Amino acid sequence: MQVGDRVRITKSVVVYHHPENRGKPFDIKGLEGEVVAIIQEWHGRPVSANLPVQVKFDAKFRAHLRAEELEIVP
C-alpha cells in the first residue's frame with residue numbers, strides 16, 4: 001500500500017468524528033478513499049503507530065486506520 005492508492009474499508013470500524021454524525025457511533029465499513037499518508041516516523045525518528053494509514057474520504061473527513069482494515073481498489 002502506498003500514498004495515492006485508492007482503498008476500501010473491509011472490516012467494521014466505528015468512528016465518532018464523521019462530519020454528518022459527529023459524536024454518534026458511525027460504521028465506515030465499505031467507504032472508499034485515498035491514502036494520504038503512512039506514518040512511519042515523527043520528527044525524523046521511527047515510530048510504531050497503532051493506526052499508521054491515514055485515509056482521506058472527502059474534504060471534511062479523514063481517518064487513521066490499520067492496513068488490515070483496508071483493501072486496494074483496482
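This report describes the sheet, the nonpolar core and the surroundings of one glutamate in a predicted model.

## Sheet

The model contains an open sheet of five strands, arranged in the order β8-β7-β4-β1-β9 with antiparallel pairing. Its edges are formed by β8 (61-65) and β9 (70-72), each of which pairs on one side only. From one strand to the next, the twist averages 40°.

At one end of this order, β1 (residues 6-9) is joined to β9 by three bridges in the antiparallel sense. Ile9 is placed opposite Leu70 of β9.

## Nonpolar core

The largest nonpolar core comprises 13 residues; those touching the most other members are Ile9, Ile28, Val55, Phe57, Leu65 and Leu70. Two or more residues are given to this core by each of β1, β7 (53-58) and β8. In soluble globular proteins, nonpolar side chains tend to be buried together.

Ile28 illustrates the contacts involved: when residues up to four places away in sequence are not counted, Ile28 touches Ile9, Val13, Val15, Phe61 and Leu65.

## Glu69

Glu69 is located in the loop between β8 and β9. Is this residue buried or exposed? Glu69 counts as buried because its relative accessibility is 11%, and the cut-off for that class is under 20%.

A polar atom of the Glu69 side chain lies 3.0 Å from the backbone nitrogen of Arg66. With neighbours within four places in sequence left aside, Glu69 is in contact with Arg8, Ile9, Thr10, Lys11 and Val13.

Note on methods:
Residues numbered from 1 in each chain as written. Predicted model: local features only at pLDDT ≥ 70, side-chain atom pairs only at ≥ 80, totals over all residues. Heavy atoms only, no water. Pairing = 2+ DSSP bridges. Helix = DSSP H or I, 4+ residues; strand = E, 2+ residues; numbered from the N terminus. Axes fitted to C-alpha atoms, helices over the stretch in contact; angles between N-to-C directions. Core = buried A, V, L, I, M, F, W, Y, C linked by side-chain atoms within 4.5 Å. Buried < 20%, exposed > 50% of the residue type's maximum accessible area, 1.4 Å probe, protein only. Contact = heavy atoms within 4.5 Å. Polar contact = N/O pair within 3.5 Å; in protein donor to acceptor, adjacent residues only side chain to side chain.
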